[in-house]
Amino acid sequence: MCGICGWVTLTDHVVDPSILTRMITVLGHRGPDATGEWWSENCALGHTRLSILDIDGGSQPMVDETGAAIVFNGEIYNYRDIKAQLKSKGVVFRTRSDTEVVLKAYREWGDSCVNHLEGMFAFAIMDPIRKQLYLARDHFGKKPLYFFFQDGIFIFGSEIKAILQSPVVHDVVEIDDRALVDYMSIGYILTPKTIFQQIKQLQPASYAIIDCLQKTFTEKKYWKYEESFRQKKTDVQQSELEEEFRTIFASAVERRLHADVPVGGYLSSGLDSASVVATVRDFNKSSFRAFNIGFEQDSFDESAGAKEIASALGVDLEVQMFEELGCEDLSRLVWHFDQPFSDNSAYPTYQLNRLAGMFGKVMISGDGADEIFAGYPTYRADQIYSLYRKLPLVVQQGFSRNADKWIRPTYRKVSSDYKIKQFLGAAGLTREEAHYWWRVVFPKSTINNMLDPEVLRGIDEYSPSDVFLEYFKAVDDLPFLDRALYVDTQTWLHDDILVKVDRMSMANSVEVRCPFLDRHVAEFAAQLPVSQKMNLWKNKTIVRNSMRESIPPSAYQSRKQGFNAPLLSRAEVNLPKDPRFVREYWFHPGKEDVTFKQNNLLVLNLWFDMFSNYKNTGCWEPTSYGC
């Protein structure tokens, strides 16, 4: 895994060469093994390398015989197949790396080269013949790619912090208030927005072209996941369906085991990671080791279940107990995300990757299974809500109004009291609105009381629910479960789960591979009847049925637990001292579980301190004033 960055100028603007060095330096955690630079008249490319394939021959930036140069971040799992295909056409290769395969694929197929790639990737190619910079991102957006384009200057990077090194960006960058509302509402920011008005994300499954002659930027989707749901549903026998899943999934796992360094993995007490580890074991990876983070609080701890699974599968497991992060640690993690991000599972995820990083550079995980095969309790809540909403509205509102009186918080991991209160709070919503509501941190009414009226007028009644409803509308011809799964892959999966996995693994120079997000696995899942994903008795139906002979009963029968962290032992956290915020906010920890709200505001304070320091000094660095 690596970090990439660079720019192209479409005017006579001269860029200080030292900026590229600074961009590369702040991405050093993404690739501590080597760095590289490439320059042309109007373009610069930078790279930091985490050496995994062709350690001696895969240095970047890589330049071909035509002068085209590439910086690449990720892994192409089918690169050997593509290489064989290109060799049959007479293409000659100098290295064993997948980077060279991507560069030669671009030379052979041009802009459509991404249609041949399977893996996780973000890359940029400067083509001196076509006079264009070509950028692309993988199907689900596992690897990040941000950009700034203003006044003829296009700057890109794996992380926002690289782009912030430019004085041009520093002088103009401002907070996007709609992104701020995203964050306060759901704890993360929806693509293509970032917290900065002038910096955007390239969409997943997209490529972009900066035409140096026409001075234009165009972005195009090369794969649409929603079309997979519209394919004819599979109607073969159950046994055949399960065999097909095992074959596709085994292939996805096997391809992710290919590396020139040791491969390990993550193991909880649940179905997803057990399925991955059991499949790895089938390939006789004797050096494979698994890792887990335990908790002192029983409701959060899965280490005993993980040990039971590891023992049954004959896999070495290392467990480390969770350590609450200090103020400086929290600030450092906010720095790694670059923008407000309050999924508190980031904290144990960081420690898990730190632990694993002592063993090796490559880990394999069960991420993505819940969004592909319907693993979250929210999908069950959708089912129940379809019946509950038939009650008279006055009854629903009565339940919602009295929830705080009837139910006291237990502060267990995503406890029943938290889920019941969240459910009752959906009174009067449509099914689509309720699905969005399940993960809301601060409701719109509360945010409207927090923000200055001028800010609210500027965003014109915007709510992130608008984005969710647009995604729902795009697939309104599908069964509701499929619609919800599609919406979650475009929002929660891409903008929360995969951001967390990438930043917390890269913070420890570790690459995480996710076989459940293999394109073939995802397309197989999309084409299943909804009953194969969730029925009245269980979720992830096809996975459970297919893996029941390969994993211990405890994993087969497990319920989704999540990977959250307990409430942080912090004093009262209030709103940042910024003109956007006009009122104090008071927590009520005796009436409701304030875990997610507390963390949301704590991170927001740390981020605003960091941004203020950046505007004053030009340095994007951790601060801990708001802790």
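# Exercises on a predicted model

Beyond its neighbours within four places in sequence, isoleucine 189 touches Ala179, Asp182, Tyr183, Thr194, Ile195, Gln339, Pro340 and Asp495. The structure is a predicted model, and the exercises below start from this residue.

## Exercise 1

Determine where isoleucine 189 lies and whether it is buried or exposed.

*Solution.* Isoleucine 189 is placed in the loop between α6 (177-186) and β10 (199-201). The next step is its accessibility. Buried means under 20% relative accessible area. The value for isoleucine 189 is 4%, and therefore the residue counts as buried. As for distance, isoleucine 189 and threonine 218 are 29 residues apart in sequence, and their C-alpha atoms are 23 Å apart in space. The loop between α6 and β10 also holds proline 192. The peptide bond from threonine 191 to this proline is cis, with omega near 10°.

## Exercise 2

Describe how α6 packs against helix α25 (residues 595-617), and state which kinds of residue make the contact.

*Solution.* Two packed helices are described by the angle between their axes and the distance between the axes. For α6 and α25, the axes come within 9 Å and cross at roughly 150°. Next, the residues are listed: α6 contributes Leu180, Tyr183 and Met184, while α25 contributes Asn599, Asn600, Val603, Leu604 and Phe608. Sorted by type, the residues of this contact are 6 nonpolar, 2 polar and no charged. Phe608 also belongs to a cluster linked by ring pairs, together with Phe196, Phe581, Trp607, Phe611, Tyr614 and Trp620.

## Exercise 3

*Solution.* A disulfide requires two cysteine sulfur atoms within 2.5 Å. For the structure as a whole, the count of disulfides is 0. Both residues can then be placed by accessibility: cysteine 2 is buried at 6%, and cysteine 5 is buried at 1%.

## Exercise 4

Classify the ring pair of tyrosine 106 and tyrosine 134, and state which parts of the chain it ties together.

*Solution.* The whole structure contains 47 aromatic pairs. In the pair considered here, the ring centres are 5.2 Å apart and the planes stand at 45°, so the pair is tilted. Tyrosine 106 is in helix α3 (residues 98-109) and tyrosine 134 is in strand β7 (residues 132-137), so the pair ties together parts that are 28 residues apart in sequence. Tyrosine 106 is buried, with a relative accessible area of 1%, and tyrosine 134 is buried at 0%. Phenylalanine 337 and phenylalanine 341 provide a stacked pair, with 4.4 Å between centres and 20° between planes. Both of these phenylalanines are buried.

## Exercise 5

*Solution.* Most residues other than glycine have a negative phi. Aspartate 460 lies in the loop between α19 (453-459) and α20 (464-474), and glutamate 461 lies in the loop between α19 and α20.

Notes: Residues are numbered from 1 along each chain as its sequence is written. This is a predicted model: local features need pLDDT of at least 70, side-chain atom pairs count only at pLDDT 80 or more; totals for chains, interfaces and linings use all residues. Side-chain values use heavy atoms; hydrogens and water are left out. Helices (H or I, at least four residues) and strands (E, at least two) are DSSP runs, numbered from the N terminus. Buried means under 20% relative accessible area, exposed over 50%, partly exposed in between (1.4 Å probe, protein chains only). Contact means heavy atoms within 4.5 Å. Axes are lines fitted to C-alpha atoms, for helices over the stretch in contact, and angles run from 0 to 180 degrees between N-to-C directions. Ala, Val, Leu, Ile, Met, Phe, Trp, Tyr, Cys and Pro count as nonpolar, Asp, Glu, Lys and Arg as charged, and the others, Gly among them, as polar. Rings of Phe, Tyr and Trp (its six-membered ring) pair if their centres lie within 6.5 Å; planes under 30 degrees apart count as stacked, over 60 as edge-to-face and the rest as tilted.
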